Amino acid sequence: MGYIKDSLSGSEEITFKTRFHWLYSLAMWLSLMVLGPLLIGVVIFLRMFIRKLTTELGVTSQRVVFKTGWIARKTEEISLTNIEEMNLEQSIFGRLLGYGQLRIRGTGGSYILTHSIDDPMEFRQAVGEARSKVGR
């Protein structure tokens, strides 16, 4: 079970979950193959692998949740009603290959910054749809 599922309350349900783009995995494995003999590649690989396994990013019917960490856990949650803006950053390659970053800013200065997620536009649409349902 994941953090998001375990933290649901009452009638809250998960509406969308996203993951790292496949290029993140490629970079992880390339660092091991190319830099592995120098030991730095192993360290980079392990760090990226643990981040990939322990990161969850999703939208529920009430909030956007970002959780990362294995031994030490860090969570950032913003209520859908408190989201002020969502900014998308995509390079040319990001547009062509379907990855990017989102910065979701809530009231009070809180924010969630995603890294190399798969199809950030789809995630942005899921947040928008969930927000419109909360407003009803």
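**Entry: what I am looking at**

I remind myself that this is a predicted model, where local features need pLDDT of at least 70 and side-chain atom pairs count only at pLDDT 80 or more, while totals for chains, interfaces and linings use all residues. Residues are numbered from 1 along each chain as its sequence is written, and side-chain values use heavy atoms, with hydrogens and water left out.

**Entry: the overall layout**

I found 5 helices and 8 strands in the chain. These names come from DSSP runs, numbered from the N terminus: helices are H or I with at least four residues, and strands are E with at least two. Reading from the N terminus, I wrote the order down as α-β-α-α-β-β-β-β-α-β-β-β-α. The C-alpha atoms fill a box of roughly 55 × 35 × 25 Å along the principal axes.

Next I looked up burial. Buried means under 20% relative accessible area, exposed means over 50%, and partly exposed is in between, with a 1.4 Å probe and protein chains only. Of the 136 residues in the chain, 36% are buried. Ile104 is one to click on: this residue sits in strand β6 (residues 99–106) and is buried, with a relative accessible area of 0%. I also checked Ile104 against Ile78: they are 26 residues apart in sequence, and their C-alpha atoms are 8.4 Å apart in space.

**Entry: back to the salt bridges**

I counted 7 salt bridges in the structure. In the pair I began with, Lys74 is partly exposed at 49% relative accessible area, whereas Glu76 counts as buried at 18%.

Then I followed Arg63, which forms a salt bridge with Glu77 at 2.6 Å between the closest N and O atoms. Arg63 lies in strand β3 and Glu77 in strand β4 (residues 74–79), so the pair ties together parts that are 14 residues apart in sequence. Arg63 is buried, with a relative accessible area of 10%, while Glu77 is partly exposed at 36%. I noticed a network here too: salt bridges link Glu12, Arg63 and Glu77.

My last pair was Asp118 with Arg19, whose side chains meet in a salt bridge of 3.3 Å, N to O. Why does this pair tie together parts that are 99 residues apart in sequence? It does so because Asp118 lies in strand β8 (residues 117–118) and Arg19 in the loop between β1 and α2. Asp118 is partly exposed at 22%, and Arg19 is exposed at 57%.

**Entry: two positive phi angles**

Ser116, in the loop between β7 (111–113) and β8, has a positive phi of about 45 degrees although it is not a glycine. Asp119, in the loop between β8 and α5 (120–134), also has a positive phi, near 50 degrees, and is a residue other than glycine. Both are partly exposed: Ser116 at 26% and Asp119 at 32%.

**Entry: the largest pocket**

How much space lies in the largest pocket? I noted about 290 Å³. Among its 15 lining residues, Phe20, Arg51, Thr55, Glu56 and Phe66 are the closest to the centre. My reminder on the term: on a 1 Å grid over the protein atoms alone, a pocket is an open set of points where a 1.4 Å probe fits, with protein on both sides within 12 Å along at least five of seven lines, and lining residues have an atom within 4 Å of a point. I sorted the lining by class and got 5 nonpolar, 5 polar and 5 charged residues. Ala, Val, Leu, Ile, Met, Phe, Trp, Tyr, Cys and Pro count as nonpolar, Asp, Glu, Lys and Arg as charged, and the others, Gly among them, as polar. β1 (14–18), α3 (40–54), β2 (56–60) and β3 (63–68) each supply at least two lining residues.

Technical notes
Points joined across faces, edges and corners; volume = space filled by probe spheres on them. Salt bridge = Lys/Arg side-chain N within 4 Å of Asp/Glu carboxyl O.
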